[in-house]
Structure formats: structure tokens, C-alpha cells
Amino acid sequence: MRRPLARALTGALGLLAAAAVPLATPVPAAADSVVVGGRPTRTADAPWVVALSSRARFGGARAGQFCGGAVVAPTKVLTAAHCLGSEVLGGEPWELPDFRVIAGRTALRGDGGREVRVTRTWVNPEYDPAAGSGDLAVVTLERALPASYVIDVATADDPALAPGTAADVYGWGDTTGDGTYARSLRAARVRVLPDATCERAYPGGLGVEYRRETMLCAGDPRGGRDACQGDSGGPLVARGRLIGLVSWGSGCGEADSPGVYTRVSEILRRRS
């Protein structure tokens, strides 16, 4: 996840189906990252965490995983809008012959869980790829997942969004920031940070700019715990509720470079 500032993957064309080598150098927040400074966890403990997959596009080494997502209704998954961009997918989502969501599977190449075909996608019309603002998309599934997989989304005034709140970010991406990818789900404990922290870290200019209206700041000010390449679209959860989606950042787990997440509550409020 994370392109030069984001968290996805760039060299998707280098991920040949037969390749059993590490994934290509990642760029935007979409294809092969995992949580830096994290710990192993299980989908049994976080059933709402899912992987977006296309073996035809990304190969079978990691079951085609290229982004994460969160189940918010039996047939609806939230993910990052940039995960569905042509620079990641090589075309439109409906052109992928085997676009699936993998749910209930801790180890990507394991036999557990279920793989469900994606039938429709919706990208936030206010998404600004250049700025990374409004980075949210909805994936519709062919078959319903169990109701127990669904996580509640925090409202705009939820205390879970308050600075200082402990939160967990989940993913199958880069665990070190240097291309060491995990094949089993991991999570990292971070904290919601004041908007001013990300505004100082990402003031705009030649780079992207933090916008508190649609973005959420989280991480560890000392560094060491963060999302990374390939974690894009994965959930940030606090107090049992979804508060953000992995969107972008500078590096992975670096001090004074917090992670920037999609502020899910605000974008859904505008949509309703």
C-alpha cells in the first residue's frame, strides 16, 4: 500500500502468474504490503478483514492478493479507491476475469475461508487521485458473507476517532518496508493522532497534502508500527468499529511520517 506516497503496487505487470519471486516494487497503495511492526493475527478474530484478489493479474504466489478491504454488509466491502485504478489493475475492474474477495482466510495460500466473485464496483466520485483525497470505493459481492463478518462503521462524532485512541491496522503486506511480504494476516497497534500532526508532516507543496475533511491521521510518532506496501484499503479499527482505510503515507513506519487513512465516516455521510 502507499504509492510514492501511497500504498499500492506499481510494477503489477511484473507480477507474472508463474512468478514465485517477491512482488515488484510497490507504488500506490494497492498491491503487496503488510503491516510493519505488527503481530500475527487470525481472521477468526477479525472476520471483517478481507483480501482483494486476482491471480490472472498478480499471480498465485499470494493467491492474487493486491489490496485489503473491510466487510460492512453481507455483500458490501469497503476498500481504497486507488486499489481499483487502472495503474494498479491494468484496466477497469470488470476486465479482470477472476476478481474475487477472499474472506475468512488467515494464510493467503491456505484452503480455509471462501472466495466470492465481485459483481460491481463503485468509486467515490469525489476521489482526487492527485491529492489522495476521498480515497474510498465499494465492492459488491455475488454471494452474501455471514452476518458475523460485518463490522460497524464509526459515525462522524464517534469517540473512537478522538486523538489518542488505540487502533489496529490489518493487512497482508510488506512487514519491513523493504519488500518482505507476509502470507498470513498481521495487525499493528497504532494510535489516532491529531490532524495537526499529519498537517505538519504533509503540508502540500511538491507532495500530497493532508486534508482533515476526508483523511484520518494515525500511527506511532516514534515510528516502527505502520501499514505499508500492499495494505491499501485494509481496515483501521478502534473500539470495535471501522474508522479508516489504509490510503497513503511516506515510507513505512518512519518517525514523524504517520499513516494517512480514509476518514470513512465523513465520506459515507456525504454519500447518504
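The model is predicted.

**Disulfides**

A disulfide is a covalent bond between the sulfur atoms of two cysteines. A search of the whole structure finds two of them. The table sets them side by side.

| Disulfide | Sulfur to sulfur | About the S-S bond | Hand |
|---|---|---|---|
| Cys-67 and Cys-83 | 2.0 Å | -85° | left-handed |
| Cys-198 and Cys-217 | 2.1 Å | about 80° | right-handed |

Take Cys-67 and Cys-83, whose sulfur atoms are 2.0 Å apart. Their link joins distant parts of the chain, 16 residues apart. Cys-67 sits in strand β3, and Cys-83 in the loop between β4 (76-79) and α2. Both Cys-67 and Cys-83 are buried.

Now take Cys-198 and Cys-217, with sulfur atoms 2.1 Å apart. Cys-198 is in helix α3 (residues 195-201) and Cys-217 is in strand β11 (residues 215-219), so this bond ties together parts that are 19 residues apart in sequence. Are these two cysteines buried or exposed? Cys-198 has 0% relative accessibility, so Cys-198 counts as buried. Cys-217 also comes out at 0% relative accessibility, so Cys-217 is buried as well.

**Aromatic pairs**

The structure has four aromatic pairs. One of them is formed by Trp-48 and Tyr-170. Their ring centres are 5.1 Å apart, with 90° between the planes. That makes the pair edge-to-face, because planes over 60 degrees apart fall in that class. Which parts of the chain does this pair tie together? Trp-48 lies in the loop between β1 (39-40) and β2 (49-53), and Tyr-170 lies in strand β9 (residues 166-171), so the linked parts are 122 residues apart in sequence. Trp-48 and Tyr-170 are both buried.

Phe-66 and Phe-99 form another aromatic pair. This one is tilted, at 5.9 Å centre to centre and 45° between the planes. Phe-66 belongs to strand β3 (residues 65-73). Phe-99 belongs to the loop between α2 (86-89) and β5 (100-103). The pair links distant parts of the chain, 33 residues apart. Phe-66 has a relative accessible area of 0%, and Phe-99 has 4%. Both values are under 20%, so Phe-66 and Phe-99 count as buried.

Ring pairs also bring in Phe-58, giving a cluster of Phe-58, Phe-66 and Phe-99. Phe-58 has a charged neighbour too: Arg-57 lies over the face of the Phe-58 ring. Arg-57 is 5.9 Å from that ring centre.

**The largest pocket**

Rolling a probe the size of a water molecule over the atoms shows where empty space is left. The largest pocket has a volume of about 160 Å³. Its lining includes Pro-93, Trp-94, Leu-96 and Pro-97. Phe-99, a member of the ring cluster, is also in the lining.

Which element gives the largest share of the lining? Strand β6 (residues 114-123) does, with five residues. By class, the lining holds six nonpolar, two polar and three charged residues.

Key. Residues numbered from 1 in each chain as written. Predicted model: local features only at pLDDT ≥ 70, side-chain atom pairs only at ≥ 80, totals over all residues. Heavy atoms only, no water. 1 Å grid on protein atoms, 1.4 Å probe; cavity = no way out; pocket = protein on both sides within 12 Å on 5 of 7 lines; lining within 4 Å. Points joined across faces, edges and corners; volume = space filled by probe spheres on them. Helix = DSSP H or I, 4+ residues; strand = E, 2+ residues; numbered from the N terminus. Nonpolar A, V, L, I, M, F, W, Y, C, P; charged D, E, K, R; others polar. Phe/Tyr/Trp six-rings, centres within 6.5 Å; stacked < 30°, edge-to-face > 60°. Buried < 20%, exposed > 50% of the residue type's maximum accessible area, 1.4 Å probe, protein only. Lys NZ or Arg CZ within 6 Å of the ring centre and 35° of its normal. Disulfide = S-S within 2.5 Å.
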